[in-house]
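Morning, everyone. Please look at the screen. I'll talk about charge today.

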Amino acid sequence: MLLFIPRSQDEEVSVKLRYWKTKKAGMRVGFPAEFTLNHSEVIHLYEALQQGLKVAEQGDDGEFLVLRVDRESLLSQNQNSFSVRQAFAELVQDRAVLQMLIDSPDGLSILRGMQASARIMELQAAVIELEQNLQSEVCDEDVYQDWCEANSWAFGNVYVMRDDVRELGPGDIVDILMECTVNGLRDVFELKRANHNPLLWDKSHRSWYWSSEASKAIGQCHRYLDVLHESSTRTLLRDHPEIVAYHPRATIVMGRSESWGNEELRGLHGLNARLHGIQIITYDQLLRQAKQVLALTEQEIPNSNES
């Protein structure tokens, strides 16, 4: 039951809503519950009803995808990710819809929120993929090569993006070449097998030392860095003048450290500290970096409850 409350002093409208919680055999039972809406609440209710009527007046049945906006859950149990992707794809491709959002007071905030949420979902999917590969003990270098090329952000926000160029010269092909945000210079990233242990323990001298696989990778990167550094004074990359290198650095990713204790971690840190311009990290450390980037990105999304 809907009751309008007239006023003689001003033009504001109040509405009292009365309803019965239970019915038996079509008859109202017990006392009714009721609440009153003030003028602004009535306006909001009217606008919501107008929107609902517009949908109800459509000529065909159509299909509608209802999404929750309280950030507790995006999908209900009967909605799949394909439906959501399809709905958003059609939404963002409609220039009229985008223009309406831009012109509305909160439109730009909505668009930024959608962009940030999409980015977070992308990062989450990448983290899950890397974690699953490691848990499944995938050792193929090509698998991690593809992952790192698609998710170079995992090496930190200090790097902008990877270069398509990988060949520094005849026979010298790096896995990944990336630009540093701070100075625009390039650094080298080499990916080795996840089942190759980078360091070993010498019982007789009670010290950690590089494994043969790690030593070979370090020597390989030394050559790459020399060739890349020389390109700053010679035209080794004459077809790509945008690639600038000066005292470049190299990061080698190999092995696992999930089961390591403090001694192994300190050993790796100490050996890295004695190198110049080269460091070795494990795939578990790369995963930890990726999770940290994800956590920082999630913190940047504004709280939906804030006005």
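Helices (H or I, at least four residues) and strands (E, at least two) are DSSP runs, numbered from the N terminus. This is a predicted model: local features need pLDDT of at least 70, side-chain atom pairs count only at pLDDT 80 or more, and totals for chains, interfaces and linings use all residues. Residues are numbered from 1 along each chain as its sequence is written, and side-chain values use heavy atoms, with hydrogens and water left out.

Now the salt bridges. A salt bridge is a side-chain nitrogen of Lys or Arg within 4 Å of a carboxyl oxygen of Asp or Glu. How many does the structure hold? Six.

Take Glu131 and Lys291. Their side chains meet in a salt bridge, 3.0 Å from N to O. Glu131 lies in helix H4 and Lys291 in helix H8 (residues 283-299), so the pair ties together parts that are 160 residues apart in sequence.

Next, Arg249 and Asp187. This salt bridge is 3.3 Å, N to O. Arg249 sits in the loop between helix H6 (212-230) and strand S13 (250-253), and Asp187 in strand S10 (residues 186-191), so parts 62 residues apart in sequence are tied together.

Is Asp187 buried or exposed? Buried means under 20% relative accessible area, exposed over 50%, partly exposed in between (1.4 Å probe, protein chains only). Asp187 has 4%, so Asp187 is buried. Arg249 is partly exposed, at 45%.

One more pair. Arg256 and Glu258 meet in a salt bridge at 3.0 Å, N to O. Together with Asp284, they form a network of salt bridges. Glu258 is exposed, at 62% relative accessibility.
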